[in-house]
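The paragraphs below walk through it part by part.

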Amino acid sequence: MITVHNKKRALFIVTLSALIPVLSLMVGVEFLTPLDLWQLITQEGDRVQRIVFWELRLPRILIACFVGAALATAGGVMQGITRNALASPDLTGVVAGSSCMIVILTSLFSIDAQWFPLAGISGGLIAGALTFALAWKNGLMPLRVILAGVAISSVCIASMTGFLIFSGAEAGDLFFWLAGGIAGRGWMQLEQTFAWVLIPLFLSILLTQRFRVLLLDDAIGQSLGIAVSLWRLIFMLLAVIMTAGAVTLAGPVGFVGLVVPHITRKLLPEQSVLWLPLNALVGSGLLLGADILARLPILAQEIPLGVVMSLIGAPWLLWLLKRQYRTGGV
Amino acid sequence: MKIIFCLVACCLPLISATAAAVSATDDRGVRVELKQPAERVASISTFGADLLLALGVKPVAVTQFGPFAKPDYLADQLVDVPVIGSRSQVSMEMLSEVSPDLTLAIRRYTEQNAEKFNDIAPYAALNLITLDDSLRAVSFSGALLGRDADARALNQDFTAMLEQYKKKAPGGLSAALLVTGGEVPFTYHDHFLTAQLLSWLNVKNTGGKLSTQVQGLPLGYRVRLENLLQQDPDIIFLFQTNKERAFTQSPIWPYLKAVQAGRVYEVGQHWKEAAGPTARSLVFKEMAHRIYPDIFPMPTLPESMRSKRYK
């Protein structure tokens, strides 16, 4: 049930999500005022500011929004259909699979960064497919998916570590990529990957009604005439594809898929038709906020986005667990 | 008289042994002592091979030169010298097989294995990051090889050349030294030898100073593209990488002054490891030519190492 208090909270979060992109456009090496932004949109403006605005900050913000939305929605889907509040896209093996494929191809064949999207998506899909194949036994059992995902992730991480040792001069670049981040990404990466992120994202949101049925007991779903296993597989596939796209764009950024559904559950019940879209919105806002922190001009170098997200996500998760423990939720 | 003669005769070997013993303090502050000047020297870093050959001594073992087995500017003189691994992963077995009497090593990759190296031969650790490091390492190694005067001459010739070029260089330009195959380029701080050489040509390194450093580290940082755009260097030197540089496909790349003026150069691997007397001289002369082509001539270099205009 949506209370007045929750409505206020939701309104606050929606407003914040609208303001964060504007703040994100303003913050950087050079601070752009709202007036600067307005001039850059409506007129020519200063040359350097124009390049920074159109070529660096705008695509970066879009990438942060897409990645945040995809990871948070994938997290919501995973937690919903596995009925496990600690499930996240990482547990399907997709994140490790994407990363592993990029590390292997870079170490063995020195592939250029322009091939990362193809490598990352294929790696993620292969790992996801292996997870599902291992988990399948007369249907897709949520617990088996998580166990198989953990196993596949472990294999991928072990392989990745082995290849990193032998990657020589490329190791520094690979470690930087593995720390997660969207520094240096632009329109090109967005063009290469956006379909892999946006199509499954929109499909997940469009199919919310089916998702809501999967949140119920399997017997209820079947009594409503829904092919539960098939729809569970479809939603898992959508989560896998959008996660692979997101990892390819931003590297392995953790905690978004895990944390955001917990935030949104406090605002709306999972059964609400707006719950998945709210995940996307909050995920975008959270990743954009983290990206602003990552590129604050305190240090000469940006802090990797994955590091910032972990610094925000880990304490928050611990606080949540402690709070639930106190209230008897755990 | 006979007694004195006998005493002198008895002490002669002792005196000559003392005279032949050499010692010097390495960059860890450890005194390296040899009973006689080193003759069989293993080199872990290109610096050692470069210096030894400049002093007319052939190393007994060398390490890889980045992705290459040996540097082309020394390759002819290193034909039958075994390669015993990379700077960070030296094969101890191969090192012991060549029975060195001294190991000249780059400090940051080898210090953690100092004891193992010492078990094979006296180990000397050198920072090899700044120009001072290079000058000091040449003197230090010269002392252990019993060739102080030759080493001193190498340093004097080089510093004289720096002074001479500085007087001729008009200045008023800026340059960036960039490396990586990724989307965010790594740039070097002022104290990194190659970047430091820019100041001897009156050119500003856009990488800037490092306020606090430990043993010259970090060498640099991943520069924000917004910063690179603001710094807008007049010349860009791209260091070796075996991948297409993704940052050159970034949207800001075409807007950079150096790119628009066609003043972006891919340089050889020796720019990364320029501490050796031959390498530092080649790098400096080539750098001077690329920055002021009308004033300084291009040095003679193997084709594989020559800087090329980046397209």
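Two residues are in contact if their C-beta atoms, placed from the backbone, lie within 7 Å. By that rule, 62% of the contacts in chain B with a separation of 6 or more involve residues 24 or more positions apart. In chain A, 77% of the contacts with a separation of 6 or more join residues 24 or more positions apart.

Some ground rules come next. This is a predicted model, where local features need pLDDT of at least 70 and side-chain atom pairs count only at pLDDT 80 or more, while totals for chains, interfaces and linings use all residues. Residues are numbered from 1 along each chain as its sequence is written, and chains are lettered from A and ligands numbered from 1 in the order in which they are written.

Start with chain A. Helices (H or I, at least four residues) and strands (E, at least two) are DSSP runs, numbered from the N terminus. Chain A has 14 helices and zero strands. Its C-alpha trace spans about 65 × 55 × 35 Å along the principal axes. The radius of gyration is taken over C-alpha atoms, and the globule rule is 2.2 Å times the number of residues to the power 0.38. For 330 residues, a compact globule would have a radius of gyration near 20 Å; chain A has 20 Å, which agrees.

How much of chain A is buried? A residue is buried if 20 or more other C-beta atoms lie within 10 Å of its own, exposed if 12 or fewer, and partly exposed in between; C-beta atoms are placed from the backbone. Of the 330 residues of chain A, 47% count as buried.

Now find helix 12 of chain A, residues 256-265. Seven of its ten residues are buried, so helix 12 of chain A is largely enclosed by the rest of the structure. Among the buried ones are Val256(A), Gly257(A) and Pro261(A). The cover over them includes helix 3, helix 13 (275-294) and helix 14 (305-326) of chain A.

A nonpolar core is a set of buried Ala, Val, Leu, Ile, Met, Phe, Trp, Tyr and Cys residues joined through C-beta atoms within 7 Å. The largest nonpolar core has 182 residues. Those with the most contacts inside it are Val67(A), Ala70(A), Val256(A), Leu144(B) and Phe237(B). Helix 3 (residues 47-82) of chain A gives the most to this core, with 17 residues. Leaving out residues up to four places away in sequence, Val67(A) touches Ala246(A), Leu249(A), Ala250(A), Val253(A) and Leu287(A).

Move to chain B. It has eleven helices and twelve strands. Its C-alpha atoms fill a box of roughly 85 × 45 × 40 Å, taken along the principal axes. Of its 311 residues, 48% count as buried.

Chain B is divided into domain 1 (20-159) and domain 2 (169-309). These domain bounds come from an automatic or database domain assignment. The C-alpha centres of domain 1 and domain 2 of chain B lie 26 Å apart. Where the domains meet, 26 residues of domain 1 of chain B are in contact with 26 residues of domain 2 of chain B. The domain 1 side divides into 15 nonpolar, six polar and five charged residues. Here Ala, Val, Leu, Ile, Met, Phe, Trp, Tyr, Cys and Pro count as nonpolar, Asp, Glu, Lys and Arg as charged, and the others, Gly among them, as polar.

Two strands pair if DSSP finds at least two bridges between them. Strand 3 and strand 4 (residues 102-106) of chain B pair in the parallel sense over four bridges. There, Ala42(B) has Thr103(B) as its bridge partner. Strand 4 of chain B is also joined to strand 5 of chain B by four bridges, and these two run parallel. Ile106(B) stands opposite Leu126(B).

In a regular strand the side chains alternate between the two faces of the sheet. Are the faces of strand 3 (residues 41-44) of chain B covered or open? Both are covered: Val41(B) and Ser43(B) on one side, and Ala42(B) and Ile44(B) on the other, are all buried. Strand 5 (residues 123-126) of chain B is also covered on both faces, with Tyr123(B) and Ala125(B) buried on one side and Ala124(B) and Leu126(B) on the other.

Finish where the chains meet. The contact takes 25 residues from chain B and 27 residues from chain A. On the chain B side, helix 9 of chain B gives the largest share, five residues.
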